[in-house]
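User: I would like to go through this model term by term and hear what stands behind each description. Please set every value against its definition.

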Amino acid sequence: MIRPPILFINVLIIAACGLVYELLAGTVASYVLGDSVTQFSLIIGLYLSALGVGAWLSQFLEHELAARFVDIELAVALIGGLSAPLLFLGFARLEWFQLFLYSVVFAIGVLVGLELPILMRILKEHLDFKDLVSRVLSFDYIGSLVAAVLFPMFLVPRLGLVRTSIVFGLLNAAVGLYGTWLLRPLLRGIGMLRIRAVFVTLILVVALIKADALTTLSEDQLYSDDIVYTESSSYQRILITQGRAGFQLFLNGNLQFSSADEYRYHEALVHPAMVSARAPKRVLILGGGDGLALREVLKYGSVQQVTLVDLDPKMTALSETFAPLGALNNHALRDRRVKVVNEDAFIWIERERDLFDAVIIDFPDPNSFALGKLYSTRFYRLLKTRLAPDAAVTVQCTSPLYARQSYWCIVRTMEAAGFVVRPYQTTVPSFGVWGFALAQQRPFDVPRRVSVPVRFLDDATLTAMFLFPRDMAPVPVEINRLDNQILVRYYEEEWRHWS
């Protein structure tokens, strides 16, 4: 006898698995392609349309519905369960990765779209139609909610993308295998169904055992140097490679620094503000969880307190878990003058009441709306309320050569927020020509001399950084506001030509 209550639990599991596969595809796409909003929008739209295609196709399945339900579960288990490692491997090896990505999403969507209509047709003989529809849809929505909550809070930080994919594939396989008992009165050829179910389960169990190897294999294809450290947090994938010249830090596949030349970047970022602020006592660093900007700030004897605000606690702990980084930043995060805050800088700065003499802003490039808000007029106006009268601010602003509109958009946005801005640039071999902005609340002269020990930034270099050749001169741009996020669009379009 068929037991509908247990089948409703299967509905919940099916819904959770389907949404997890969708979130996995969107996350992998945003990791390797960037622009999370575009990728998630495309994948959600494609997945939902594929659900409709699957529901439409279900009308053509007329015989042995129970057996077809089991087969579909096993197909979802295999394709969905292996989707994350396949997509990572596909990015490294396939020229047409986006076609492959959308094909996988569409295939999973069609299969998931087949599941519920078939299950409802199986159950229609046992429940009133009104009860059937309300219960199936209720459990479907509850399952989606469970997956949506677990995915960012537990699954990605604890299991990682590859293990999450495989674990939910195993859940689908379990539904299919158990279905051979639950739907036994409606099945013929149970033996072959169970053999297929066991075979799919074994493939996924082996994949789960080899998850680390699969992750390493897929990531090895993406990086030229050996991977020596990996960790997933609630916010990003942290990965470090080691080569002959030193080690490199990547966040979600984007290079953050190379130990061989990071001093050029961080000296250029930090010292213009520290010199302009004239013996700053209270310093704020936004971003910079690697501690390298902090290392430069702590060279100044006037500094009494530094507040470092970085969203990711695993990033601010990285110099303790990866010893070479601790050595590189001189264990700056252990300094008694340093206070670390793990919070969204936008929210924190709106609530904070202290004033600062110097602010160093080292956010990642504005390649998503979540980051673009940190380069908006709203953010810079909030920042002004946290500044002492003579405070100085420096911001990393992407490349004025490769992303000219993006760079000048950041400069003009700061000016629109009421800052006096002096743009400057330097060359960092790992990145090429890189741009920054020095700002204060009233007119000021550019700094001419750095009085602390540095490796790169002599007086002549400091002066030359504020000069721009013709191919990096200002261009007309719009202001980046919260309601338009034009900066993100500039950034996407410009860097697409160089990727």
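Analyst: An open sheet of seven strands has mixed pairing and the order 7-6-5-8-9-11-10, where two strands pair if DSSP finds at least two bridges between them. This is a predicted model, in which local features need pLDDT of at least 70 and side-chain atom pairs count only at pLDDT 80 or more, while totals for chains, interfaces and linings use all residues. Residues are numbered from 1 along each chain as its sequence is written, and side-chain values use heavy atoms, with hydrogens and water left out.

User: What makes strand 7 and strand 10 the edge strands?

Analyst: Strand 7 (338-341) and strand 10 (420-428) each pair on one side only. Strands here are DSSP runs of E with at least two residues, helices are runs of H or I with at least four residues, and both are numbered from the N terminus. From one strand to the next, the twist averages 15°.

User: Which helix lies across strand 10 and strand 11?

Analyst: Helix 17 (residues 404-416) lies across strand 9 (387-396), strand 10 and strand 11, and runs at about 155° to strand 10. Contact means heavy atoms within 4.5 Å, and axes are lines fitted to C-alpha atoms, for helices over the stretch in contact, with angles running from 0 to 180 degrees between N-to-C directions.

User: Why is helix 17 called roughly antiparallel to helix 19?

Analyst: Helix 17 and helix 19 (residues 486-496) pack at an angle of about 160°, with their axes 8 Å apart. Angles under 35 degrees count as roughly parallel, over 145 as roughly antiparallel, 65 to 115 as roughly perpendicular and the rest as oblique, so helix 17 is roughly antiparallel to helix 19. On one side of the contact are Arg404, Gln405, Ser406, Cys409 and Ile410 of helix 17, and on the other Ile486, Leu487, Tyr490, Tyr491 and Glu494 of helix 19. These residues divide into six nonpolar, two polar and two charged, where Ala, Val, Leu, Ile, Met, Phe, Trp, Tyr, Cys and Pro count as nonpolar, Asp, Glu, Lys and Arg as charged, and the others, Gly among them, as polar.

User: Why is helix 3 roughly parallel to helix 7?

Analyst: The axes of helix 3 and helix 7 (residues 190-209) come within 10 Å and cross at roughly 15°, and the two helices are therefore roughly parallel to each other. By class, their contact has 10 nonpolar, one polar and two charged residues.

User: What makes helix 3 roughly antiparallel to helix 5?

Analyst: Helix 3 (residues 65-81) and helix 5 (residues 97-123) have axes that come within 9 Å and cross at roughly 155°, which makes helix 3 roughly antiparallel to helix 5. Their contact has 14 nonpolar, one polar and three charged residues.

User: How many bridges link strand 1 and strand 2?

Analyst: Strand 1 and strand 2 (residues 237-243) pair in the antiparallel sense over six bridges, with serine 232 opposite arginine 237 in strand 2. They belong to an open sheet of four strands with the order 1-2-3-4 and antiparallel pairing, whose edge strands are strand 1 (226-232) and strand 4 (254-258).

User: Why is the pair of aspartate 354 and arginine 282 called a salt bridge?

Analyst: The closest N and O atoms of aspartate 354 and arginine 282 are 2.9 Å apart, and a salt bridge is a side-chain nitrogen of Lys or Arg within 4 Å of a carboxyl oxygen of Asp or Glu, so the pair qualifies. The structure holds 17 salt bridges.
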